[in-house]
Amino acid sequence: MLTVAEKQAIVTEHQRADKDTGSVEVQVALLTADIIKLTEHFKTHKHDFHSRMGLTRKVNLRRKLLKYLKSSDLERYRAALKSLKLRDIH
């Protein structure tokens, strides 16, 4: 779980306008940070299956958002992938 300060830092880094908190780029960035934190958590807690389901949901949601962004605006999609260091989905 991300703290309020971590979320605010991610939002300010990836927002498109001053009060933008819900754009696709911000949502993908927040999900990516959650996914990274959860994967670190699973290195020590291998049998936490309940949280693993949450991780799967977050990964699937991020994939859907990236698919939407790719179909709507390819340049924003490529910029988001580059800034988050993610691979291209096919």
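Two residues are in contact when heavy atoms of theirs lie within 4.5 Å. With that idea in hand, let us look at this predicted model. Among contacts between residues at least 6 apart in sequence, 44% join residues at least 24 apart.

**The overall picture**

The protein has four helices and zero strands, so its pattern along the sequence reads α-α-α-α. Its C-alpha atoms fill a box of roughly 40 × 35 × 20 Å, taken along the principal axes. Of its 90 residues, 30% count as buried.

Here is where the helices sit in the sequence:

| Helix | Residues |
|---|---|
| Helix 1 | 4–14 |
| Helix 2 | 24–44 |
| Helix 3 | 49–72 |
| Helix 4 | 74–84 |

Which residues of helix 1 are buried? They are Ile10, Val11 and His14. Viewed down the axis of helix 1, these buried residues fall within an arc of 100°, so they line one face of the helix. The face turned away from that buried side carries the exposed residues Val4, Ala5 and Glu13. What covers the buried residues of helix 1 includes helix 2 and helix 4.

**The nonpolar core**

In soluble globular proteins, nonpolar side chains tend to be buried together. In this model, the largest nonpolar core has 14 residues. Those with the most contacts inside this core are Ile10, Val24, Val28, Leu65, Leu66, Leu69 and Tyr77. Helix 2, helix 3 and helix 4 are the elements that give two or more residues to the core, and helix 2 gives the most, with five residues.

Leaving aside residues up to four places away in sequence, Val24 touches Leu65, Tyr68, Leu69 and Arg76.

**The largest pocket**

Rolling a probe the size of a water molecule over the atoms shows where empty space is left. The largest pocket in this model has a volume of about 170 Å³. Which residues line this pocket? They are Val59, Arg62, Arg63, Leu66, Leu86, Arg87, Asp88 and Ile89. By class, the lining has four nonpolar, no polar and four charged residues.

Terms used
Residues numbered from 1 in each chain as written. Predicted model: local features only at pLDDT ≥ 70, side-chain atom pairs only at ≥ 80, totals over all residues. Heavy atoms only, no water. 1 Å grid on protein atoms, 1.4 Å probe; cavity = no way out; pocket = protein on both sides within 12 Å on 5 of 7 lines; lining within 4 Å. Points joined across faces, edges and corners; volume = space filled by probe spheres on them. Nonpolar A, V, L, I, M, F, W, Y, C, P; charged D, E, K, R; others polar. Buried < 20%, exposed > 50% of the residue type's maximum accessible area, 1.4 Å probe, protein only. Arc of directions from axis to C-beta. Core = buried A, V, L, I, M, F, W, Y, C linked by side-chain atoms within 4.5 Å.
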